[in-house]
Amino acid sequence: MDENIIVLGGDGFCGWPTSLGLSKAGYDITIVDNLSRRKIDIDLECESLTPITPISTRIKAWKSLTGKEIQFIHLDVSSQYHKLYTLIRELKPMSIVHFAEQRAAPYSMKSPFHKRYTVDNNINATHNTLCAITESEEDVHLVHLGTMGVYGYGTAGMPIPEGYLKVKVECKQDFKDIEILYPANPGSIYHMTKTQDALMFYYYNKNDGTRITDLHQGIVWGTNTPETMLDEALINRFDYDGDYGTVLNRFLMQAAIGHPLTVHGTGGQTRAFIHIRDTVNCIKLAIENPPARGERVRILNQATETHTLRNLAVMISEMTGAQIRYYANPRKEDSENTLSVCNENFLNMGLNPITLNEGLLTEVIDIAGKYKNRCDTSKILCTSKWRRDIVLDTEGSLEPAG
Ligand code: NAD
Ligand code: USQ
């Protein structure tokens, strides 16, 4: 196979294992990344719990273990438009996978600087990519990583459909059936940028016929894939801090180091989850099942199960003996919600979902245990607040917080 794929943001938590998985499958991979995530670590004075190696070391290790080449281009997708356009003209990729955004909701809410950076970076990165694909006149399928959070997490009691909602509108005393984009309901500045991305996809698809798949992904958990486990030089990043760490990996890591599990509010928030190995599987499936020319934006829900945070904490506590502590929520979000997500498209393409199981949970706890001496415990609690008048709770309590 000699088919080029460009992975924007291919040095990140989802992008690195995806690049390896696609390289292993025989695609020619070019990673584009400005290494901003590594620079944010320096600003936040916090590092991945796992000792990730520099991108050139990662790529050399992959080549020496498998004989496969991955190209790396240092480029800021949000500002270096011409370099991106030239790369697309040169490589004529069959697909571009777009992970290159600032993806942490708490980071996006820290200050006006962080809000503005997230908006500038994410919206310009997506628009530059769409504009460069169109101007290149190459037939590129864009696969973008969106989020379940574009829907908000509440429903009218039905499973969240895949992007489009059938509605009846009143029209001259009659009712008409139409299909609309599911109404956007972002819960942070970061999530808001993803809802704006969706509108740009709608426009470029309508105006220029750009073929686009937008993957509304749930919270990713786990660390390694079969490829990243081949050698320590290939290890994936593991964020545990209050800004970038996501909830399930944080709980697993907290259990491994003997820190109480940090549940926000009542823990009644229900969220959708997916294991990192299924992220890689889904992206490969999306690339191999592109929308036809002229098809509207394909929107797929990339999530395999839903859980309340309280139930996750109880499950991990029962497995490990960890204490659970409830903290007043630094976010503005519903304290309780039900959530059910339709993911038929991926199941029909052959996804065999990996769901929460003790083996995989233990694997993450073992990784966290192995590297626990790298943990800075002062970085664990979330310090980013959704509004200035929210008072940070640094103590927590054994009872759910209101
Ligand atoms: P990450 O921060 O680990 O990776 C993002 C990568 O993109 C980083 O390597 C960063 O340096 C790069 N990048 C950012 N802006 C760039 C720019 N302007 N130019 C070039 N490179 C740039 O994040 P991740 O967890 O791998 O998430 C990847 C994507 O998946 C994001 O768009 C995120 O919104 C989405 N997503 C992630 C999760 C999750 O739980 N991690 C869940 C749902 C959706
Ligand atoms: N939470 C806790 N305790 C913690 C950390 C978080 O109770 O220690 C709670 C939060 O208040 C929130 C939930 O857990 O209710 C999820 O928080 P999170 O940080 O795990 O996830 P979120 O901010 O939603 O963002 C993550 C990724 C983002 C992705 C999103 C998918 O960082 O890139 O888009 O998950 S989704 O949530 O489905 O929209």
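## Two strands side by side: β9 and β11

Trp221 stands opposite His275 in β11. This is a predicted model. The pairing of β9 with β11 rests on 3 bridges, and the two strands run parallel. On β11, 5 of the 6 residues are buried, so the strand is mostly covered.

β11 also pairs with strand β13, residues 305–308. Here the direction is antiparallel, and 4 bridges make the join. Thr270 has Thr308 in β13 as its bridge partner.

## The three-stranded sheet

These pairings belong to an open sheet of 3 strands. The order is β9-β11-β13, and the pairing is mixed. β9 and β13 are the edge strands, each pairing on one side only. Neighbouring strands of this sheet are turned by 45 degrees against each other on average, with direction ignored.

## The seven-stranded sheet

A second open sheet has 7 strands, with parallel pairing. Its order reads β3-β2-β1-β4-β5-β8-β12. The edges are β3 (70–74) and β12 (298–302), and each pairs on one side only. From one strand to the next, the twist averages 20 degrees.

At one end of that order, β8 (residues 211–217) is joined to β12 by 5 bridges. The two run parallel. Within this pair, His216 stands opposite Asn301 in β12. Helix α9 (residues 276–288) packs on the sheet. α9 touches β1 (4–8), β4 (95–98), β5 (141–147), β8 and β12. Its direction makes about 160 degrees with that of β8.

## Helix α6

α6 covers residues 112–136. Its 25 residues should span 36 Å at 1.5 Å a residue. The end C-alpha atoms are 35 Å apart, which agrees.

Buried residues in α6 include His114, Thr118, Asn121, Asn122 and Ala125. Thr126, Asn128, Thr129, Leu130, Ala132 and Ile133 are buried too. The buried residues of α6 pack against β1, β4 and β5. They also pack against helices α4 (81–91), α5 and α7. After α6 comes Glu137, with a positive phi near 60 degrees.

## Helix α7

Helix α7 takes in residues 189–208. At 1.5 Å a residue, its 20 residues should span 28 Å. The end C-alpha atoms are 28 Å apart, which agrees.

A run from Ile189 through Tyr190, His191, Met192 and Thr193 to Lys194 is among the buried residues of α7. Asp197, Ala198, Phe201, Tyr204 and Asn205 are buried as well. The cover over these buried residues includes α5 (105–108), α6, β5, β7 (174–181) and β8. Just after α7, Gly209 takes a positive phi of about 70 degrees.

## Around ligand 1

The shell around ligand 1 holds 26 residues. Those that come nearest are Gly9, Gly12, Cys14, Arg103 and Leu145. By class, the shell has 10 nonpolar, 10 polar and 6 charged residues.

## Around ligand 2

For ligand 2, the shell holds 22 residues. Thr147, Met148, Gly149, Val247 and His264 come nearest. The elements giving two or more residues are α8 (247–257), β10 (261–264) and β11 (270–275). β10 gives the most, with 3 residues. By class, this shell has 9 nonpolar, 8 polar and 5 charged residues.

## Phe251 in α8

Phe251 lies in helix α8. Is Phe251 buried or exposed? It counts as buried, because 29 C-beta neighbours lie inside 10 Å. The cut-off for buried is 20 or more.

Phe251 touches Leu261, Leu312, Ala313 and Ile316, leaving aside residues up to four places away in sequence. Trp221 is 30 residues from Phe251 along the chain. The C-alpha atoms of Phe251 and Trp221 are separated by 11 Å.

Conventions
Residues are numbered from 1 along each chain as its sequence is written. Chains are lettered from A and ligands numbered from 1 in the order in which they are written. This is a predicted model: local features need pLDDT of at least 70, side-chain atom pairs count only at pLDDT 80 or more; totals for chains, interfaces and linings use all residues. Two strands pair if DSSP finds at least two bridges between them. Axes are lines fitted to C-alpha atoms, for helices over the stretch in contact, and angles run from 0 to 180 degrees between N-to-C directions. Two residues are in contact if their C-beta atoms, placed from the backbone, lie within 7 Å. The expected span of a helix is 1.5 Å times one less than its number of residues. A residue is buried if 20 or more other C-beta atoms lie within 10 Å of its own, exposed if 12 or fewer, and partly exposed in between; C-beta atoms are placed from the backbone. A residue is near a molecule or strand if its C-beta atom, placed from the backbone, lies within 6 Å of it. Ala, Val, Leu, Ile, Met, Phe, Trp, Tyr, Cys and Pro count as nonpolar, Asp, Glu, Lys and Arg as charged, and the others, Gly among them, as polar.
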